[in-house]
Amino acid sequence: MSALGGVAASATAGSGLRVSQNDGWIETQTKTFTNWVNVQLEKGGHTAIPESNVVEAFKIGVPLLQTLEVISGKPVKYNKSPRLRVHFIENLNIALSFLKKEGLTLVNIGSEDIADGSCKLVLGLIWTIIYHYQIAVAFKSAPSANAKKNSAKDLLLEWVNSKIPEYGISNFNKDWNDGRALCALVNVIGGQPWLIPNHREMQPESARRNAQTAVDAAYGHFGIPKVLEGDAISSPSLDDLSMMTYISYFKTAQRSSNEETQEQEHDSSSLPVPWERPTDWREYKGKDLGGRCKIRVYSSTTTSSGVFRKQNEEMMRLFERMNVHKRPDFEPWVMVDLMEKAERDAVFEKAGTRKLPMLFVDDEYVGGYDEVMHLNETSQLAKILDY
């Protein structure tokens, strides 16, 4: 039997969705749906719900009704300052009546279930709302949320596989865990210039970072809300409805129209190559570390950590693949332990961290190992190096 009840059971009955043997999905789904509701509330200029607290917040009816007004584009009359349970119930009855008039099928849920904070029923209700106002809009041929044929899952899977057939996606949980398929979807939706062209080369063991790379790129380039983060996508507890909610945003996503303008504004093609520029070619902030018009990697000769050595080697190989090591402005492996204390402290102060290795470009801190790898995976590193 499904772990879902009421509306949730109806919404998933014919969809072929995974049913968890534990309730780990509840935490993920509650957080995802809270984030989704907050996206709607923000659009309407309303107060956001505290993190992962949508079930509690919906008890009084106000946030639910505000969400419905935003997502439907229709005004609803209700008590905006309820104080007693009877007022909560009245608001919730208004919300449920509104949904029925909008054509949503609600099964085994009443206003008292919401007022009592029945978690699974409320999550099921939110999924029904998401399906009706977001997924069915993206897929105009979509049937009702509890359809057994051509379900939401079927339509989304068909669309996903038309975009990234090489990943053979058959579900909305484990096939996405390592983050690479999501990076591929971001890449193909974004088009040229490719956003994450090296998604096939990503390491599955870096699942959380892979997934977060995709989430950040989707938000930055398409404006897709971060209703899910990398840690949730890479988790074994990732649930189908959360992932379907997130993936449905991609169906209508478009690359930001102001990117070309921004790239033109930052175009340095009219300038001399960096190593031929004067060291006052632009306005600098902060202490001069002597790295203007230079690419520097600060490291150390005294650290014995295996992780540190591995990160040093991977950064070295990365810069070699990018042919950065051949550039006249590249000063690799500036050893901080061989510097004067005042100079070393100035580097750490400007970076805001003492963690090595760290990359500076044109005397500005870019990031440590994780940041550099993330920037490379999102095709941003090459742009930074082309200053």
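# A guided tour, stop by stop

The structure holds 16 salt bridges. A salt bridge here is a side-chain nitrogen of Lys or Arg within 4 Å of a carboxyl oxygen of Asp or Glu. This is a predicted model, in which local features need pLDDT of at least 70 and side-chain atom pairs count only at pLDDT 80 or more, while totals for chains, interfaces and linings use all residues. Residues are numbered from 1 along each chain as its sequence is written, and side-chain values use heavy atoms, with hydrogens and water left out.

## Stop 1

Side chains of opposite charge can pair when their charged atoms come close. Select Arg282 and Asp362. Their side chains meet in a salt bridge, 2.7 Å from N to O. Arg282 sits in the loop between helix H13 (259-265) and strand E1 (295-299), and Asp362 in the loop between strand E3 (358-361) and strand E4 (364-368), so the pair ties together parts that are 80 residues apart in sequence. Helices (H or I, at least four residues) and strands (E, at least two) are DSSP runs, numbered from the N terminus.

Now colour the pair by accessibility. Buried means under 20% relative accessible area, exposed over 50%, and partly exposed in between, with a 1.4 Å probe and protein chains only. Arg282 is partly exposed at 26%. Asp362 is buried at 3%.

Next, select Arg180 and Asp178. They form a salt bridge with the closest N and O atoms 3.2 Å apart. Arg180 is partly exposed, at 21% relative accessibility.

Then take Arg327 and Asp329. Here the closest N and O atoms of the salt bridge are 2.8 Å apart. Asp329 is buried, with a relative accessible area of 2%. For a network, select Arg209, Asp370 and Glu377: salt bridges that share partners join them into one.

## Stop 2: the second largest pocket

Keep Arg209 selected. Which residues are the closest to the centre of the second largest pocket? First, its volume: about 450 Å³. Of the 18 residues that line this pocket, Glu201, Gln203, Arg209, Arg321 and Met373 are the closest to its centre.

Some terms apply here. The search uses a 1 Å grid over the protein atoms alone; a cavity is a set of points where a 1.4 Å probe fits but cannot get out, whereas a pocket is an open set with protein on both sides within 12 Å along at least five of seven lines. Lining residues have an atom within 4 Å of a point. Grid points are joined across faces, edges and corners, and a volume is the space filled by probe spheres set on the points.

Show the helices around the pocket. Helix H10 (207-222), helix H14 (306-321) and helix H16 (369-377) each supply at least two lining residues. H14 gives the largest share, five residues. By class, the lining divides into five nonpolar, five polar and eight charged residues. Nonpolar covers Ala, Val, Leu, Ile, Met, Phe, Trp, Tyr, Cys and Pro; charged covers Asp, Glu, Lys and Arg; the others, Gly among them, count as polar.

Stay on H10 and select Ala211, which lies in that helix. Ala211 is buried, with a relative accessible area of 0%.

## Stop 3: helix H7

Select residues 119-138. At 1.5 Å a residue, the 20 residues of H7 should span 28 Å, and its end C-alpha atoms are 27 Å apart, which agrees. The expected span is 1.5 Å times one less than the number of residues.

Where does H7 bend? Go to Tyr131: the bend there is about 40°. That is the angle between axes fitted to the seven residues ending there and the seven starting there.

## Stop 4: backbone details

Move to the loop between helix H5 (85-101) and helix H6 (111-115), where Gly110 lies. Gly110 is partly exposed at 22%. Its C-alpha atom is 8.3 Å from that of Leu92, 18 residues away along the chain.

Asn108 is in this loop between H5 and H6 too. Its phi is near 55°, a positive value in a residue other than glycine. Asn108 is exposed, at 60%.

Jump to Cys293, in the loop between H13 and E1. Phi is near 60° here, again positive in a residue other than glycine. Cys293 is buried, at 7%.

Finish at Pro357, in the loop between helix H15 (341-351) and E3. The peptide bond from Leu356 to Pro357 is cis, with omega near -5°.
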